[in-house]
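I opened a new notebook page for this chain.

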Amino acid sequence: MMKYKAHVKTQIEGNKRFMGPGPYELLKYLKDENTVKDAAKKMNLSYSKAWKMINLIEKELGEKILDRKSGGSDGGESSLNKIGIELLEKYELYEKKIEKYANDVFEEIFKDFN
């Protein structure tokens, strides 16, 4: 018999949806890569789309989430600042708690379902 479980897609919105699985993944890669270009590449995401996501997050929060160092011949860097790291950590916690709650409720409701 197949074991079922709940799957919930968590998102955060203000005036617009700005945080969900895609932006979360981008921030995780940014934490490791320190360049938007490299983080976008790991996601198979265009550089411009990655910046649109970052700009939307910053607009909705009213805060910058990156410390930016302009490029040049060596290229630039963009690392998550304190706000960006806090957003990433809080979203991870939020997602884990929602997933646990959803699975607890699912188990309660569907425990005898086959």
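This is a predicted model: local features need pLDDT of at least 70, side-chain atom pairs count only at pLDDT 80 or more; totals for chains, interfaces and linings use all residues.

Entry 1. Leu88

Does Leu88 count as buried or exposed? I looked up the relative accessibility of Leu88 and found 2%. The cut-off for buried is under 20%, so Leu88 counts as buried. I placed Leu88 in helix α4.

Next I listed what Leu88 touches, leaving out residues up to four places away in sequence. The list is Tyr24, Leu27, Lys28, Lys31 and Leu80. I also took one C-alpha to C-alpha distance: Leu88 and Lys41 are 19 Å apart in space and 47 residues apart in sequence.

Entry 2. Leu27

Leu27 is on the list for Leu88, and I took Leu27 up next. I found Leu27 in helix α1. The relative accessibility of Leu27 is 0%, and Leu27 therefore counts as buried.

Which residues does Leu27 touch, not counting those up to four places away in sequence? I wrote down Met19, Ile57, Ile65, Leu80, Leu87 and Leu88.

Entry 3. α1 against α4

Two packed helices are described by the angle between their axes and the distance between the axes. I looked up both for helix α1, residues 21–33, and helix α4, residues 82–110. The axes come within 10 Å and cross at roughly 130 degrees. An angle over 145 would count as roughly antiparallel and 65 to 115 as roughly perpendicular; α1 and α4 are therefore oblique to each other. I recorded the crossing of α1 past α4 as left-handed.

From α1, the residues that meet α4 are Pro21, Tyr24, Leu27, Lys28 and Lys31. On the α4 side they are Leu87, Leu88, Tyr91, Glu92 and Glu95. Sorted by class, this contact has six nonpolar, no polar and four charged residues.

Entry 4. α1 against α3

Gly22, Pro23, Leu26, Leu27 and Leu30 of α1 meet Ala50, Met53, Ile54 and Ile57 of α3. By class I noted eight nonpolar, one polar and no charged residues.

Entry 5. The core

In soluble globular proteins, nonpolar side chains tend to be buried together. I looked up the largest nonpolar core here, and it has 21 residues. Which members touch the most other members? They are Met19, Leu26, Leu27, Leu30, Ile54 and Leu66.

The elements giving two or more residues to this core are β2 (17–19), α1, α2 (36–42), α3 (47–61) and α4. I found that α3 gives the most, with five residues.

I then followed Leu30, one of the core members listed above. Neighbours within four places in sequence aside, Leu30 is in contact with Thr35, Val36, Ala39, Ile54, Leu66, Ser78 and Leu80.

Glu33 lies in helix α1. I noted a relative accessible area of 24%, which means Glu33 is partly exposed. Beyond four places in sequence, Glu33 is in contact with Asp38, Ala39 and Lys42. Glu33 and Ile109 are 76 residues apart in sequence, and their C-alpha atoms are 42 Å apart in space.

Asn34 sits in the loop between α1 and α2. Its phi is positive, about 65 degrees, although Asn34 is not a glycine. I have Asn34 as partly exposed, at 28% relative accessibility.

Asn44 is in the loop between α2 and α3. Its phi is near 55 degrees, again a positive value in a residue other than glycine. At 75% relative accessibility, Asn44 counts as exposed.

Entry 6. Asn103

I went back to helix α4 for Asn103. What is Asn103 in contact with, its neighbours within four places in sequence aside? I found Lys5 and Ala6. Asn103 and His7 are 96 residues apart in sequence, yet 7.8 Å apart in space, C-alpha to C-alpha.

Key:
Residues are numbered from 1 along each chain as its sequence is written. Side-chain values use heavy atoms; hydrogens and water are left out. Axes are lines fitted to C-alpha atoms, for helices over the stretch in contact, and angles run from 0 to 180 degrees between N-to-C directions. Helices (H or I, at least four residues) and strands (E, at least two) are DSSP runs, numbered from the N terminus. Angles under 35 degrees count as roughly parallel, over 145 as roughly antiparallel, 65 to 115 as roughly perpendicular and the rest as oblique. A crossing is left-handed if the near helix is turned anticlockwise from the far one by less than a right angle, and right-handed if clockwise. Contact means heavy atoms within 4.5 Å. Ala, Val, Leu, Ile, Met, Phe, Trp, Tyr, Cys and Pro count as nonpolar, Asp, Glu, Lys and Arg as charged, and the others, Gly among them, as polar. A nonpolar core is a set of buried Ala, Val, Leu, Ile, Met, Phe, Trp, Tyr and Cys residues joined through side-chain atoms within 4.5 Å. Buried means under 20% relative accessible area, exposed over 50%, partly exposed in between (1.4 Å probe, protein chains only).
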